[in-house]
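Please look over the sequence and the structure shown here before reading on. The report is meant for someone meeting this chain for the first time.

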Amino acid sequence: MSDLLRVRGLTKRFGGLVAVNRLDLDVGAGEIVGLIGPNGAGKTTAFHVISGFHVPSAGEIVFKGASVVGQKPHAICRRGLARTFQIVQPFAGLTALENVMIGAFNRTGDVAEGRAHAREVLDFVGLGSHRDAPARTLTLADRKRLEMARALATQPELLLLDEVMSGLNPTEIDQIVGLLRTIHARGVAILLIEHVMRAVMALSHRLVVLHHGEKIAQGPPGEVARDRRVIDAYLGESA
Ligand SMILES: Nc1ncnc2c1ncn2[C@@H]1O[C@H](COP(=O)(O)OP(=O)(O)OP(=O)(O)O)[C@@H](O)[C@H]1O
Ligand SMILES: [Mg+2]
């Protein structure tokens, strides 16, 4: 499997706090990798650094064979790496369609083309009937879909998803799992942060576990779930 994303020795310090510590992480083309670990482990910080929202303190981030360290988020996004945010922040006063058009404009400057593409993506995520609803009127589940639609409209090869299932009920979670399988089947690799264990276990080909900024385990979900350090640090005995 060819490497799409190759992270080596990634470190992010905030003053004296080492939020991410010498992280090595790969995502291959066509892969779904789950990034898990307790609250404060450094998962979101890793996303911020990989997607260009934070500058790393040290380390290498290579996407499709070229370093993206020091590049701005929109430039990294245009290369094909899109991400969602843990705290979804759509432009509340804009409609669902307008929010997704902002993503589409990462690829085209043509308004009609951007609108047409945004409509397609909204239909794809199941928000077609809410196209003209102001984003602020959407339910949490729909705002999560909108966040994914905005990212998908940038036409990523790798999608970074930060807790797109949190706060959703079991039915809504199943729907998102189905949607992620469809996105993956269309050829998009996925790196997902998720606390909903049954979903991340079912979806991921491989898991990477962070604890206090450090990778403490990686491997197939079944193996990682039996790892003593992972059980002690995160999963607990019931898993
Ligand atoms: N901008 C910042 N300035 C200072 N400290 C930060 C900043 N962002 C994150 N941190 C700290 O870095 C650590 C890692 O936080 P991060 O948000 O990456 O964790 P997480 O694994 O995403 O947790 P959760 O599962 O709760 O979302 C925490 O101790 C957090 O308080
Ligand atoms: Mg987080």
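## The chain as a whole

This is a predicted model, and the secondary structure of its chain comes to 9 helices and 10 strands. Taken along the principal axes, the C-alpha atoms fill a box of roughly 50 × 40 × 35 Å. A compact globule with 239 residues would have a radius of gyration near 18 Å, and the chain, with 17 Å, agrees with that expectation.

Buried residues make up 45% of the 239 residues. Of the contacts in the chain with a separation of 6 or more, 64% are accounted for by residues 24 or more positions apart.

## The open sheet

Six strands form an open sheet in the order β6-β7-β8-β3-β9-β10, and their pairing is mixed. The edges are taken by β6 (81-83) and β10 (214-219), each of which has a single partner strand, so one side of each is left without a neighbour in the sheet. From one strand to the next, the twist averages 15°.

Helix α9 (residues 228-235) packs on this sheet, where it touches β3, β9 and β10, and its direction makes about 120° with that of β10.

## Strand β3 and its partners

Which strands pair with β3, and in what sense do they run? On one hand, β3 is joined by 4 bridges to strand β8 (residues 189-193), and these two strands run parallel; on the other, β3 pairs with strand β9 (residues 206-211) in the parallel sense, again over 4 bridges. Residue by residue, I32 stands opposite I190 in β8, while in β9 the bridge partner of G34 is L207 and that of I36 is V209.

## Helix α3 and its surroundings

Helix α3 (residues 96-104) packs against helix α5 (residues 140-152) at an angle of about 35°, with the two axes 7 Å apart, and α3 passes α5 in a right-handed crossing. The contact brings A96, N99, V100, I102 and G103 of α3 together with L146, A149, R150 and A151 of α5. The residues of this contact divide into 6 nonpolar, 2 polar and 1 charged.

In α3, 7 of the 9 residues are buried, so the helix is largely enclosed by the rest of the structure. The buried residues are A96, L97, N99, V100, M101, G103 and A104, and what covers them includes α4 (111-124) as well as α5.

## A closer look at V18

Leaving aside residues up to four places away in sequence, V18 touches T11, R13 and G213. V18 and A75 are 57 residues apart in sequence, and the distance between them in space is 26 Å, C-alpha to C-alpha.

Terms used:
Residues numbered from 1 in each chain as written. Chains lettered and ligands numbered in written order. Predicted model: local features only at pLDDT ≥ 70, side-chain atom pairs only at ≥ 80, totals over all residues. Axes fitted to C-alpha atoms, helices over the stretch in contact; angles between N-to-C directions. Left-handed = near helix turned anticlockwise from the far one by under 90°. Contact = placed C-beta atoms within 7 Å. Nonpolar A, V, L, I, M, F, W, Y, C, P; charged D, E, K, R; others polar. Buried ≥ 20, exposed ≤ 12 C-beta atoms within 10 Å, placed from the backbone. Pairing = 2+ DSSP bridges. Rg over C-alpha atoms; globule rule 2.2 N^0.38 Å.
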